Amino acid sequence: MDYLEIKGGHALSGKVRISGAKNAALPILSATLLAEGCFNLQEVPDLEDVKILLELLKELGIKVKKSANGQVELDSSKLESYEAPYDLVRKMRASVLVLGPLVARLGKARVSLPGGCAIGARPIDFHLKGLELMGAKLVIREGFVEAKASRLKGAHIYFDIPSVTGTENLMMAACLAKGKTVLENAAKEPEIVALGEMLINMGAKIQGLGTATIVIEGVKSLKPTTCKIIPDRIEAGTYIMAVGAAGGELIIENCIPDHLETVILKLKAAGLKIDVIDEDKIKVKKKGRLCSVDVKTQPYPGFPTDLQAQIMVLMATAGKLSVITETIFENRFMHVAELKRLGADIRVEGRSAIVKGVKHLNGAPVMATDLRASASLVLAGLGAKGTTIVQGLHHLDRGYEKMDEKLAQVGARIRRLQSDGV
Ligand code: EPU
């Protein structure tokens, strides 16, 4: 099994290029199910989650050709199956994104239910209720959701909570439905806007992207398109915070500063020097000890839950006391126990973590429990005194493209090693 060995205390310096966004690539790849023909996608990140989805798309009959530079060609002329098997869905919950497109194009789908997840229960009831409102007949059988509809029809759908993949699934389904669909309290994340823009290029009629009300006028068919995946704002935020943990100065290239507005404001308040130096470049510098700030995760444009674990690492050695409140997922504090192994002073009370800044963290072996927790442990290792060993790298590799190599290039002492015989 691979693990990372990080020798902490070395300041970062240089440039890091951000990869295409995982959470934009997954729905965009799923959208290729909606139209017959050849799609050309660029800046597709080389990640485990993307590999799993490509495997699923192949099972459904899409022909996939990957080039080394992040280009992926997909030929969706003929679909051969409408089933997303348990073995793939259990590896990655976002596989559920094929549900809407399959029902919309084929009139049927059989998709395994994803089950529980380390960070929370993460039900998919909004996806299912929305499809039912659009006229699909749903049955849960043998752990699968089976959906049927001769043609979906437009509907007025309200999300109790703005769900990212829920909005994406229903938006894709609505593109081929008969009539108008209105999604109320829809999610506003940049990844939804990116998917919507791709769908519009395919011939879909969508209004209100990036707002809480998305209106989709269904069309009879869609056509294939080309699409460049937007830069990953969570990866960019993670590298900005890597400077906060390790010290030094980095230029973050290929990012969209607007997508990081809240994160930048929060980190500036904590004392990081952050300047937008070009439309796609940010310069980050750490000068002295950070000060404590309170953080509350919120749907976009609020502070992202996907950066909560990383900012907790910064607060672990900041000046005073910080309260970090997680409002999106009920169990997203699994990194706390690991950070405590490095000497952090953190107490969890319900949905909040109270973080008292200590002078420094000390290296130790730690275990990654989920994707963003694993990134937080890497950041902690960069700032800690001594050596940190991070295990459970399959989590990190799901969502960060070559994180160890990117960090090593800017001065981090980080190595990917293999334990004997495991
Ligand atoms: N929810 C329901 N019912 C549903 C759907 C969601 O109750 O049918 C609840 C969830 O349990 C949660 C809240 O609504 O409490 C919001 O969840 P959402 O549906 O927005 O999450 P998601 O779509 O499953 C995406 C990202 C996550 C990210 C969240 C929140 C993708 C593929 N995944 O998940 O990314 O944390 O939105 O921003 O886009 C990650 O990349 O590490 C990751 C977990």
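**Exercise 1.** How far does a polar side-chain atom of Ser163 lie from an oxygen atom of the ligand?

*Solution.* The model is a predicted one, in which local features need pLDDT of at least 70, side-chain atom pairs count only at pLDDT 80 or more, and totals for chains, interfaces and linings use all residues. Residues are numbered from 1 along each chain as its sequence is written, and side-chain values use heavy atoms, with hydrogens and water left out. The distance for Ser163 is 2.6 Å, within the cut-off for a polar contact (a pair of N or O atoms within 3.5 Å). A polar backbone atom of Val164 lies 2.8 Å from an oxygen atom of the ligand, and for an N or O atom in the side chain of Arg122 the distance is 3.0 Å.

**Exercise 2.** Determine which helix gives the most to the shell around the ligand.

*Solution.* The ligand is surrounded by 21 residues, a residue being near if one of its heavy atoms lies within 4 Å. At least two of the shell residues come from each of H1, H5, H6 and H12, where helices are DSSP runs (H or I, at least four residues) and strands likewise (E, at least two), numbered from the N terminus. Helix H5 gives the most, with 3 residues.

Key:
A polar contact is a pair of N or O atoms within 3.5 Å; within protein, one must be able to donate a hydrogen and the other to accept it, and residues adjacent in sequence count only if both atoms are side-chain atoms.
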